[in-house]
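This briefing sets out the strand pairing, domain layout and contacts of the model shown below. Topics are grouped by chain.

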Amino acid sequence: MADLTSNFIGIKSPNPFWLASAPPTDKEYNVRRAFEAGWGGVVWKTLGSEGPPVVNVNGPRYGVVYGADRRVLGINNIELITDRPLEVNLREIKSVKRDYPDRALIISLMVPCDEESWKDILHRIEDTGADGVELNFGCPHGMAERGMGSAVGQVPEYIEMVTRWVKQYSRMPCIVKLTPNITDVRKPAEAAMRGGADAVSLINTVNSITSVNLDSFAPEPTIDGKGSHGGYCGPAVKPIALNMVAEIARNAETARLPISGIGGVTTWRDAAEFMALGAGNVQVCTAAMTYGFKIVQEMISGLSQYMDEKGFTSTADLVGRAVPNVTDWQYLNLNYVTKAEIDQDLCIKCGRCYAACEDTSHQAIAMSADRVFSVKDEECVACNLCVDVCPVENCITMRELAKGEVDARTGKTVGDYANWTTHPNNPAAQAAE
Amino acid sequence: MTNSQLTPGIAAGRLGAEDYARNFDDIAPRYDGHEARVAADRCYFCHDAPCMTACPTSIDIPLFIRQIATGTPEAAAKTIFSQNILGGMCARVCPTEQLCEEVCVREVAEGKPVEIGRLQRFATDTLMEKGVHPFARASATGKRIAVVGAGPAGLSAAHRLAMKGHDVTIFDPRPKAGGLNEYGIASYKTPGGFAQAEVDWLLKIGGIAVQNGKALGSGLTLEGLKADHDAVVLAIGLAGVNALRAEGEDLKNVLSAVDFIAELRQQPDKAKLPIGRDVVVIGGGMTAVDAAVQSKLLGAENVTIVYRRGQERMSASSHEQEHAASVGVRIIHNAAPVRVVGNGAAQEVEFAYTEDSADGLKQKDETFRLKADQVMKAIGQTLTGAPEGLKIEGGKIAVTGTGRTSVTGVWAAGDCASGGEDLTVTAVAEGRDAAEDIHASLS
């Protein structure tokens with residue numbers, strides 16, 4: 001079995017699977033259950049300042065998007081940071097960490113954007129024995145309206161300033177949690193790095209309305225006839241998160257900045273994908289909220305099997321392995337030519353490829369009277385839509401044309417690598433000549 | 001309980017009340033909303049879908065399933081009813097495993113089709129239980145149409161004609177409308193008085209009068225109907241039962257499976273129905289299976305279907321055959337009745353083994369006997385009571401693709417008409433198409 005032990009910015013955990021700061025990590029009871037189930041680490045639900053805790057709504061706080069069979073694809077929430085007294089949380093954190101010294105325990109923090117507030121909270125958490133702090137610059141609802149959470153995360157200067165305070169007043173490793181509700185995630189990541197952050201974690205939740213009740217005409221979850229945007233998470237946001245992780249990982253400024261990957265991690269495979277794109281570990285929330293803590297067992301066994309099959313002896317062998325293959329569109333090889341091919345033995349003759357191609361793409365699939373579907377190479381632009389909509393795995397595949405072969409659509413011979421930067425249709429390329 | 005399955009001879013009340021209730025309960029209960037949505041999600045929404053082509057009424061199956069999946073079963077029902085006004089009954093009795101579900105690409109791919117029949121029932125039941133009729137009549141045309149026979153073909157034709165604005169009168173010899181929907185079909189496929197509820201719902205379109213107790217030859221003549229109406233539709237079914245042509249056929253307790261099924265359907269208290277301890281059903285179609293299975297469900301100890309050819313030739317679907325086997329009916333293939341043995345009443349049936357060869361079916365010398373308190377004949381039905389002057393073809397009224405007979409102004413549809421299989425859904429399609437042709441010819 002592969003060695004899954006993880007060392008993320010000096011914080012050790014028996015595996016790279018942490019629970020994200022969220023409802024599952026709000027109390028000692030839950031966190032103990034998580035550690036018993038096998039989670040490598042926990043980021044404790046965000047603590048606020050000393051004083052009366054925040055309050056939550058007393059109606060529904062989650063909205064959901066379903067796939068087939070009520071499979072949860074995404075959840076949004078309007079829950080705020082912990083609504084329990086600070087001293088209770090601190091006492092529990094200390095107690096849990098004492099009993100689980102081998103697990104990572106990170107404290108998430110969100111206090112008003114002034115130096116005294118941060119200095120004070122850092123002082124209060126000092127003797128909990130926690131392994132590090134995570135700065136919640138991400139939550140998009142409720143707290144943002146009070147100048148915290150994503151309101152900070154959307155201003156790189158604030159990120160840098162607060163991170164600097166944290167590093168100044170604490171010796172703990174500091175992770176800055178980023179919001180995806182921005183235009184270019186590299187900017188807040190760079191700001192965190194300038195402020196001295198040891199790592200960033202991303203993504204926090206995405207601004208969202210999951211659904212509208214068509215009888216009451218209110219967004220859901222609905223509180224007394226009204227709804228508010230919430231933070232979206234779960235499998236639906238994974239593609240957004242993967243891209244943002246990759247953007248930071250391949251950005252020269254932030255390439256060395258450790259990343260804790262968050263956003264729809266549901267299976268070992270999701271975790272491996274985040275790690276391949278540069279995440280040193282992953283954080284999970286929605287999958288645990290959907291299925292309970294036991295899922296970590298599948299993540300452990302799955303990642304371990306995968307690493308064994310690949311011959312990886314440590315997670316470091318996997319982390320960042322896909323980053324060199326993430327590039328800009330302009331560098332993609334325009335002489336890479338593929339054609340769809342339909343395996344007639346696997347084809348179940350549903351005709352979805354035909355409908356998709358005929359109605360919405362390039363009219364490159366022919367249909368015979370007896371429902372045999374075949375690709376018209378002279379029309380196929382290799383868009384891959386037929387592969388995507390085919391319900392049978394590997395029934396339609398893309399065949400790569402060898403160098404020297406003629407593309408039946410363009411009549412051109414497949415040549416060596418060439419990209420847009422040198423393409424004759426590119427005005428910039430012509431200008432360079 | 002005085003009688004049991006072991007009581008000799010023919011006896012009622014062989015089972016307990018709970019057994020009867022369970023045995024004749026809905027065999028395939030309706031999906032609940034979640035089941036329907038999960039089942040609907042399996043549909044691939046095929047292009048030019050094979051299921052739709054396989055349906056004799058050409059229901060847009062992918063569309064109605066998508067309408068279920070998106071939470072509008074009422075709209076799904078309207079999609080179904082626009083092609084097949086008896087979509088509710090067809091959802092219960094169609095041999096879907098030989099039609100839409102057989103060609104479902106998921107059946108081809110994984111041996112597990114989208115459950116189209118059950119989804120159709122979910123949609124049609126949802127709308128019908130609201131008591132609303134989804135269609136309105138066109139403005140009155142003043143044309144009068146006679147429909148003879150209130151079975152699936154007749155009802156389908158009448159509804160479509162009424163919808164087009166014509167005034168329709170349906171004549172039927174039985175006390176209730178519905179034809180085989182009411183008097184045929186195993187009880188457990190359509191419990192709860194569904195057949196009559198469906199007729200009542202169908203008639204809500206308006207413009208249809210039903211006259212029971214009227215048939216050609218008893219109060220009606222084709223000439224008379226033609227004189228009083230602008231068009232006539234014959235949907236008289238196949239009222240005759242083929243004979244065994246075996247010695248002892250006229251013994252007591254040798255009966256028609258069709259009559260047995262009809263009597264069973266009309267008796268609400270199944271405990272009152274007498275059934276033999278040993279029952280032999282002769283035939284290989286749906287009627288044979290329905291009679292045999294229900295004999296078993298009434299408490300017969302031994303029920304045997306005997307079919308003269310091999311299993312592959314049975315017209316009962318493999319699904320039906322498996323159902324028969326699952327309730328304990330034994331099916332013997334390749335044996336033909338030689339004679340019914342008995343003293344006044346049937347006691348045994350003697351069969352000869354057969355060989356189905358290129359030059360026809362041959363009886364072998366070897367014979368065997370089965371005990372039989374009741375012998376049910378289910379070897380096919382024949383056209384009887386067809387009016388004089390109509391061209392008959394292959395034992396049925398000859399029709400064109402849209403149901404035109406050899407006599408101008410007279411159409412025929414359903415089992416009595418040539419072409420198509422003897423299925424409810426085919427009858428509905430033929431009735432509908434005849435109605436459309438009549439409407440076109442009168443416009």
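Predicted model: local features only at pLDDT ≥ 70, side-chain atom pairs only at ≥ 80, totals over all residues.

In which order do the four strands of the open sheet of chain A lie, and is their pairing parallel or antiparallel? The order is β5-β6-β14-β11 in chain A, and the pairing is antiparallel.

- Chain A is assigned domain 1 (6-325) and domain 2 (329-432).
- The C-alpha centres of domain 1 of chain A and domain 2 of chain A are 40 Å apart.
- Contact between the chains involves 11 residues of chain A and nine residues of chain B.
- On the side of chain A that touches chain B, seven residues are nonpolar, one is polar and three are charged.

**Domains of chain B**

- The assignment for chain B gives domain 1 (33-129), domain 2 (144-239 + 383-442) and domain 3 (242-380).
- The centres of domain 1 of chain B and domain 2 of chain B, taken over C-alpha atoms, are separated by 26 Å.
- Between these two domains, 12 residues of domain 1 of chain B are in contact with 18 residues of domain 2 of chain B.
- Helix α6 (residues 87-93) of chain B supplies five residues, the largest share of the side of domain 1 of chain B that touches domain 2 of chain B.
- By class, that side of domain 1 of chain B comprises eight nonpolar residues, three polar residues and one charged residue.

**The parallel five-stranded sheet of chain B**

- Five strands of chain B form an open sheet with parallel pairing, in the order β4-β3-β2-β7-β21.
- Its edge strands are β4 (208-212) and β21 (410-412) of chain B, each pairing on one side only.
- Neighbouring strands of this sheet are turned against each other by 20° on average, direction ignored.
- Strand β2 (residues 144-148) of chain B runs parallel to strand β3 (residues 167-172) of chain B, and five bridges join the two.
- One position in this pairing is B:A146, whose bridge partner in β3(B) is B:T169.

- Strand β11 (residues 278-283) of chain B is largely enclosed by the rest of the structure, because six of its six residues are buried.
- In a regular strand, side chains alternate between the two faces of the sheet.
- In β11(B), B:D278, B:V280 and B:I282 point one way, while B:V279, B:V281 and B:G283 point the other way; all are buried.
- β11(B) runs parallel to strand β12 (residues 302-306) of chain B, with five bridges between them, and B:D278 stands opposite B:N302 in β12(B).
- Together with helix α15 (residues 286-297) of chain B, β11(B) and β12(B) make a right-handed β-α-β unit.
- β11(B) also pairs in the parallel sense with strand β17 (residues 374-378) of chain B, over five bridges.
- In that pairing, B:G283 has B:A378 of β17(B) as its bridge partner.

Note on methods
Residues numbered from 1 in each chain as written. Chains lettered and ligands numbered in written order. Contact = placed C-beta atoms within 7 Å. Nonpolar A, V, L, I, M, F, W, Y, C, P; charged D, E, K, R; others polar. Domains from an automatic or database assignment. Buried ≥ 20, exposed ≤ 12 C-beta atoms within 10 Å, placed from the backbone. Pairing = 2+ DSSP bridges. Right-handed = clockwise from strand over helix to strand, strands pointing away. Axes fitted to C-alpha atoms, helices over the stretch in contact; angles between N-to-C directions.
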